[in-house]
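Here is a short report on one protein model. Look at the sequence and the structure first, then read on.

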Amino acid sequence: MKKNDLDRKLRDFVGARTAKTFEEVLGIETVGELLRHYPRRYLKKGELTPFDELEVGDQATVQGRVKKVTLRLLDTKQEVSVTDGWQYKRRKTLTKVVVTDGKHDIELAFFNQPWLGSKLAPGTSALFWGEVTMFRTTMQLKSPGSEVLEDDDLSQDEIERRAKPYRPLYPATSKLNTATIERTIKIVLDTIEEIDDPIPPAVRLKHRLLDLREALRLIHLPAAPADWEKAQGRLRFEEALVLQTILAQRRAVADALKAVPRERQQDGLLDAFDDRLPFTLTSGQTEVCHEVFADMARPHPMHRLLQGEVGSGKTVVALRAMLAVVDAGGQAVLLAPTEVLATQHHKTLTKMLGELAEQGMLGGADKATRVGLLTGSLGAAARRTAMLDAASGAAGIVVGTHALLEDKVQFADLGLVVVDEQHRFGVEQRAALSQKSGDATPHVLVMTATPIPRTVAMTVFGDLSVSTLTELPAGRSPISSSVVPAREKPAWLDRAWERVREEVDKGHQAYVVCPRIGDDVKGASDEEGEYADGSEDGKPRPAISVLEVADTLAEVLAGLRVEVLHGRLPADVKDAVMTRFAAGEIDVLVATTVIEVGVDVPNASTMVVMDADRFGISQLHQLRGRVGRGKVPGLCLLVTDAHPASLSRERLAAVASTTDGFALSRIDLEHRREGDVLGVAQSGKRSSLKLLSVLEHEDVIIAAREMAHELVADDPDLSRHPGLRTIVASALQSDQTEYLEKT
């Protein structure tokens, strides 16, 4: 056989019918997919032992036939019909099974498993295991387990295989059980001859790893826990190495691209901006700015991720980078995910720059530029002006949405692209903007306010340099958070609205956030939170909406100025609402998550999040970052109907317990599937990570990262490592790496 047996179709080994079942039920088509369908756990049994050799205290497995079955209700001591066992599934029961080998009997007692009476009918051949004990004169198996042997003609070898002390249990379904999967895997393992190992021999030797064939054998057919532990270690390293190799290749390609160096100039816009700053940069901001300036001075494009807590001052860092590029003769773009946020950014940058943003205007500084705004909803005249300023270079900084990517939008000399929160700046978008900057590639700075654990950053954003801001600038006020259990304690919700009124009476403002807009009760809004497990009588109720809450508050908060904001409002209306709120002309803003990032109203002191259980941990952390942005302490009230013992309440309790975004990000990932980390769950696809946990296996990720960079530096296209090259190419073609393709 060839070395690429793992790529061959399963039907070549097990027959068309079986192969079709695996494809339809588990989506498994090839030998490699089958062998990488790993056991979810291992069933511990005892050694297969004849009845007459059983000794008290042994952990043993026996093969025998059921001789007698009785079912008793423990609450009444009444013995009932075994065939009616299912109707007693909510009662405390004792099922006694007598098993014989023809000469000797042994008794098993199963508590609260009445259905076993039908499964283990007299005459049934099965394996039974447990600890051997004696009750009076009767030998028993304590805490027994069982496996029915459906075929009376099973060979002794097959029976002994099933009775092995450690049996793999696989992710299975009613149409394809774990025994069938185990049997099929054994057939394949016994049939294949040679397989191409993706981990080079030198790497295996350095890290003391099993070869692939041995690892697959031991993970599926272990004789002891040490076997599958060694196998898992090797296969886990392989998963990390494949991902890190993809990222290392991507980084190498990026480093080979050409970019115009944008060295920092003296006595330019940046220095003028620094002179007018009303505060001192934190040490973290200063350090990150040095990293960014050093990157942009190179003849290769910067690809840097800037992460920082809500309110840590990322905007100032980004603006200083943009001004440095303008000073060097280039232009900078700030790409925002929504028009509301783009407009907000435009106003913020313009305000921070003051006369430095008024080039050619009365009162503008001698050294100045323009800050343009380009969104899809701009009027024709404003759009023409914005496009002309971008194309001529008059606008050194342009803020916008995806409208910036249109073919008609051109730049005189695009040098830097800043990508804002919650926007995946993909390969296609990067290429589109690169085409607008001639032969050179613009420098790229990606910002996120969602703190990312180090190992996640290395796994998901491994082709980006990472800078982190952890300090909060002076003037930020603390935020306290509390869970409001509205169903259990409705008076607490009443008190929440009283607190809102009290804050407004003090001259402050408040946000009320809802997961749904409310113009379509049956259909979920495109702004609905990522969780929806609040329910009543087992049926999820519609999420609370902006419109219904606004109607309620018109009465509850009578006399206060209450308005709504959501993504379906016309752009000019959204802009007008935000302008009035920022000016203090609105007391309470009832909104969806359009206010989640970027919105900066220092006078807003309070936030009430309705149906808070409908949002994820990171999203809630970002939302509450909208308050406490001035000198007034912030208050965030998380309203929920979720059950006290639910996972939703655990999430909310975690958010209320700390304002440390990095601690919350770890908790968030622990609550979510690993696949979500790689972005695959959003499209319903399976995670490409089966054994590697980006939170638990930091040492593996670091070792694989170092090795991947060595391999790629020495052999960029992996021509000397065909096994690794093949599995990397397969991963890149797979939908499971969709996230990596878009980052």
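This is a predicted model. The mean pLDDT of the protein chain is 84, and 88% of its residues reach 70 or more; pLDDT is the predictor's confidence in each residue, from 0 to 100. Over residues 521-538 the pLDDT is below 50, and this stretch has 47 contacts beyond near neighbours in sequence. A contact means heavy atoms within 4.5 Å. Residues 735-743 also have pLDDT below 50, with 31 contacts beyond near neighbours in sequence. Where pLDDT is low, the predicted coordinates should not be read in detail.

Residues are numbered from 1 along each chain as its sequence is written. Local features need pLDDT of at least 70, side-chain atom pairs count only at pLDDT 80 or more, totals for chains, interfaces and linings use all residues, and side-chain values use heavy atoms, with hydrogens and water left out.

**The sheet**

Seven strands form an open sheet in the order β12-β13-β11-β14-β15-β10-β16, with parallel pairing. Strands are DSSP runs (E, at least two residues), as are helices (H or I, at least four), numbered from the N terminus. Two strands pair if DSSP finds at least two bridges between them. The edge strands, β12 (370-374) and β16 (465-469), each pair on one side only. From one strand to the next, the twist averages 20°. Strands β14 and β15 pair in the parallel sense over four bridges. Val 419 stands opposite Val 446 in β15.

**Helices on the sheet**

Angles run from 0 to 180 degrees between N-to-C directions, and axes are lines fitted to C-alpha atoms, for helices over the stretch in contact.

| Helix | Residues | Angle to a strand |
|---|---|---|
| α12 | 314-327 | about 170° to β14 |
| α14 | 380-392 | about 130° to β12 |

Helix α14 lies across β11, β12 and β13.

**The cores**

The largest nonpolar core has 50 residues; Phe 237, Leu 241, Val 398, Leu 404, Phe 411 and Leu 724 touch the most other members. Such a core is a set of buried Ala, Val, Leu, Ile, Met, Phe, Trp, Tyr and Cys residues joined through side-chain atoms within 4.5 Å. Buried means under 20% relative accessible area (1.4 Å probe, protein chains only), exposed over 50%, partly exposed in between. Helix α24 (residues 698-714) gives the largest share of this core, eight residues. A second, separate core of 40 residues includes Phe 273, Val 326, Ala 336 and Leu 341.
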